[in-house]
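Colleague: I have a fold open on screen. Please walk me through how to read it.

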Amino acid sequence: MALVPVIAVVDDDASIRDALAELLEVFEFKCRVFEGPESFLAAHAQGQFDCLITDLNMKAMNGLQLQQRLSAIDPGLPVIFISAQSDSAARSNALRSGAVAFLSKPINDDVLYRYIISALNGRSSD
């Protein structure tokens, strides 16, 4: 893990991306934002990111599909889902597939911070 953890944010809503980027900077993390899974995957290299925060519902590829792709190319990358919809089946699928958390929008800053720290601590013990 880098000295300052790098968190990737994938969300098709620019206002959510910007808000999360600002929050992560307040938490003293580095952050890279992506407007969709495709741009994230194009920029991704194993070990480049310490954690991923992704929206569930996006246009071409959803967060669950992104998680599935990552399980093959970067299986140790911790994933935190965020969603405006409370979809219990998607929540169950995400958590069963190894997601650290599945949070509902609007995000509670303290809860997100605790999950990020938990994800980073889990990754450093790999």
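Modeller: Start with the inventory. This is a predicted model. Its secondary structure amounts to five helices and five strands. Read from the N terminus, the order is β-α-β-α-β-α-β-α-β-α.

Colleague: How does the radius of gyration compare with the globule rule?

Modeller: The radius is 13 Å, close to the 14 Å that the rule gives for 126 residues, so the protein is as compact as a globular protein of that length. The C-alpha atoms fill a box of roughly 35 × 30 × 25 Å along the principal axes. Of the 126 residues, 43% count as buried, meaning under 20% relative accessible area.

Colleague: Now the sheet. In what order do the strands stand?

Modeller: First the general idea. Strands of a sheet pair through backbone hydrogen bonds, either parallel or antiparallel. Here the sheet is open, the pairing is parallel, and the order is β2-β1-β3-β4-β5.

Colleague: How many bridges join β1 to β3?

Modeller: Four, between residues 6–10 and residues 51–55. Val10 stands opposite Thr54 in β3.

Colleague: Which strands does helix α1 touch?

Modeller: Helix α1 (residues 14–26) packs on the sheet and touches β1, β2, β3 and β4 (79–83). Its direction makes about 170 degrees with that of β2. Helix α3 (residues 63–73) lies across β1, β3 and β4, at about 150 degrees to β3.

Terms used
Residues numbered from 1 in each chain as written. Predicted model: local features only at pLDDT ≥ 70, side-chain atom pairs only at ≥ 80, totals over all residues. Heavy atoms only, no water. Pairing = 2+ DSSP bridges. Helix = DSSP H or I, 4+ residues; strand = E, 2+ residues; numbered from the N terminus. Contact = heavy atoms within 4.5 Å. Axes fitted to C-alpha atoms, helices over the stretch in contact; angles between N-to-C directions. Rg over C-alpha atoms; globule rule 2.2 N^0.38 Å. Buried < 20%, exposed > 50% of the residue type's maximum accessible area, 1.4 Å probe, protein only.
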